[in-house]
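Subject: Structure for you to look at

Hello,

Here is the structure I said I would pass on. Please open it first and then read the notes under it.

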Amino acid sequence: MLVESVYRSEDVPLADRFDCWRTLVGRTHAPVELVSHYREDFRVFQRTLSLGAVSVWPSSFQPVLFRRTPRLIRESDPEGLHLTLPLKGTLYVSTGRNEASHGPYSLNVLDTSHPFEVRSVGGSDGLHRGVGLEVPAALLPVPGRQRDRLAGLRLSAGEGFGALLAQLLTQLANGTHAYQPADGPRLGSVVVDLLSALFAHALDATTLLPPETHRQTLVLRIRAFIQRHLHDPQLTPPAIAAAHHISLSYLHRLFQHEEDTVAAWIRRQRLDHARRDLADPAQRTTPVHAIAARWGFPRAADFTRAFRTAYGMPPSDYRSTLRSE
């Protein structure tokens with residue numbers, strides 16, 4: 001698991017719950033005023049994940065008003081950018097220059113150096129659920145005058161870099177058991193690259209991005225494309241290059257910096273998904289060849305050969321071994 005801390009309101013005396021959470025938000029994000037009709041018996045659950053200089057905080061809480069005032073900014077400003085991904089409920093955001101509402105799976109940007117008000121509304125159970133992301137502005141290749149344009153900006157979480165970022169944040173909100181503590185800074189770098197590309201696209205300023213960020217974000221897009229098309233036997237390096245309007249040689253150069261070649265990564269992902277299905281008790285009656293075809297192996301013999309090479313035994317033996325345990 002990643003390094004994380006957890007705050008549960010039920011672990012704190014009733015009279016202290018709201019003030020304790022306000023202090024936590026001030027440390028995680030920036031000092032803010034909090035106002036709520038539910039403060040006498042406030043319900044909140046927050047996990048704070050440390051990704052190096054970046055922090056991610058999945059949380060659920062009763063309706064509340066967050067207010068970042070000029071006085072608070074003068075007293076303390078971490079000079080960071082905050083991105084919010086609502087999962088259930090709605091956020092109503094006012095930055096002084098504009099007002100907007102943000103429903104589930106939209107992205108909103110706030111700057112700790114500018115005043116704002118955010119009013120949360122809960123979902124059907126009365127709780128607002130979402131993921132907050134904190135990134136030091138110094139890590140992003142966005143000059144101050146461009147950064148001012150980001151405050152209160154609505155960004156799409158349904159396509160492009162916004163979708164990739166939302167997918168990663170949602171995955172982290174669902175749990176971090178697949179990661180080791182040492183993965184935190186690596187994930188932080190991925191978040192910064194995606195956010196940089198998202199901002200550059202939103203500002204129509206892709207020249208802001210350094211070459212390495214261009215490369216990393218393109219690799220992330222290609223990996224996401226591969227994951228969506230693993231079932232397709234025609235998913236080959238030439239097809240991937242054509243879909244991304246790059247040459248085949250450039251695609252191979254992109255993956256020179258990765259652990260696997262692009263073809264090896266496709267094969268590893270297909271085998272890993274097939275192995276999971278073979279281990280799934282709910283799919284024990286599904287024929288091996290059907291699982292193979294599902295993950296892009298139309299010829300059972302090719303799948304058996306590749307599976308034996310990767311895992312040391314044929315897929316049928318692997319499934320039988322799991323059943324006997």
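Overall build

Please keep in mind that this is a predicted model. The protein has 325 residues, and 48% of them are buried. Its secondary structure consists of twelve helices and twelve strands. The C-alpha trace spans about 70 × 50 × 30 Å along the principal axes. Of the contacts with a separation of 6 or more, 70% are between residues 24 or more positions apart.

The cavity

Rolling a probe the size of a water molecule over the atoms shows where empty space is left. Searching the whole structure in this way gave one cavity of 30 Å³ or more.

The largest share comes from β11, which gives four residues. By class, the cavity lining holds ten nonpolar and eight polar residues, and no charged ones.

The largest pocket holds about 1,700 Å³ of space. It is lined by 35 residues, with Y179, L220, R223, Q227 and W265 closest to the centre. Helices α4 (160–174), α5 (183–202), α6 (211–228) and α9 (262–279) each give at least two residues to this lining. Helix α6 gives the most, with nine residues. Charged residues are present here: the lining of the largest pocket has twelve of them, along with 14 nonpolar and nine polar residues.

The second largest pocket has a volume of about 180 Å³. Its lining consists of L155, S156, E159, G160, F161, G162, L198, H201 and A202. Strand β12 (154–156) and helices α4 and α5 are the elements that give two or more residues to it. Sorted by class, this lining has four nonpolar residues, four polar residues and one charged residue.

The nonpolar cores

The largest nonpolar core contains 38 residues, and L83, L172, L195 and F199 have the most contacts inside it. Strands β3 (44–51), β4, β6, β9 and β11 and helices α4 and α5 each supply at least two residues of this core. With neighbours within four places in sequence left aside, L195 is in contact with L83, L133, V135, L140 and L165.

The aromatic pairs

How many aromatic pairs does a search of the whole structure find? The count is nine. Two of them are described here.

The ring centres of W21 and F66 are 5.9 Å apart and the ring planes stand at 70 degrees, so this pair counts as edge-to-face. The two residues come from distant parts of the chain, 45 residues apart: W21 is in helix α1 (residues 17–28) and F66 is in strand β5 (residues 65–68). W21 and F66 are both buried. They also belong to one aromatic cluster, formed by F18, W21, F42, F61 and F66.

Buried means under 20% relative accessible area. F303 is at 1% and is therefore buried. F307 has 0% relative accessibility, so it counts as buried too.

Regards

Key: Residues are numbered from 1 along each chain as its sequence is written. This is a predicted model: local features need pLDDT of at least 70, side-chain atom pairs count only at pLDDT 80 or more; totals for chains, interfaces and linings use all residues. Side-chain values use heavy atoms; hydrogens and water are left out. On a 1 Å grid over the protein atoms alone, a cavity is a set of points where a 1.4 Å probe fits but cannot get out, and a pocket is an open set with protein on both sides within 12 Å along at least five of seven lines; lining residues have an atom within 4 Å of a point. Grid points are joined across faces, edges and corners, and a volume is the space filled by probe spheres set on the points. Ala, Val, Leu, Ile, Met, Phe, Trp, Tyr, Cys and Pro count as nonpolar, Asp, Glu, Lys and Arg as charged, and the others, Gly among them, as polar. A nonpolar core is a set of buried Ala, Val, Leu, Ile, Met, Phe, Trp, Tyr and Cys residues joined through side-chain atoms within 4.5 Å. Buried means under 20% relative accessible area, exposed over 50%, partly exposed in between (1.4 Å probe, protein chains only). Contact means heavy atoms within 4.5 Å. Rings of Phe, Tyr and Trp (its six-membered ring) pair if their centres lie within 6.5 Å; planes under 30 degrees apart count as stacked, over 60 as edge-to-face and the rest as tilted.
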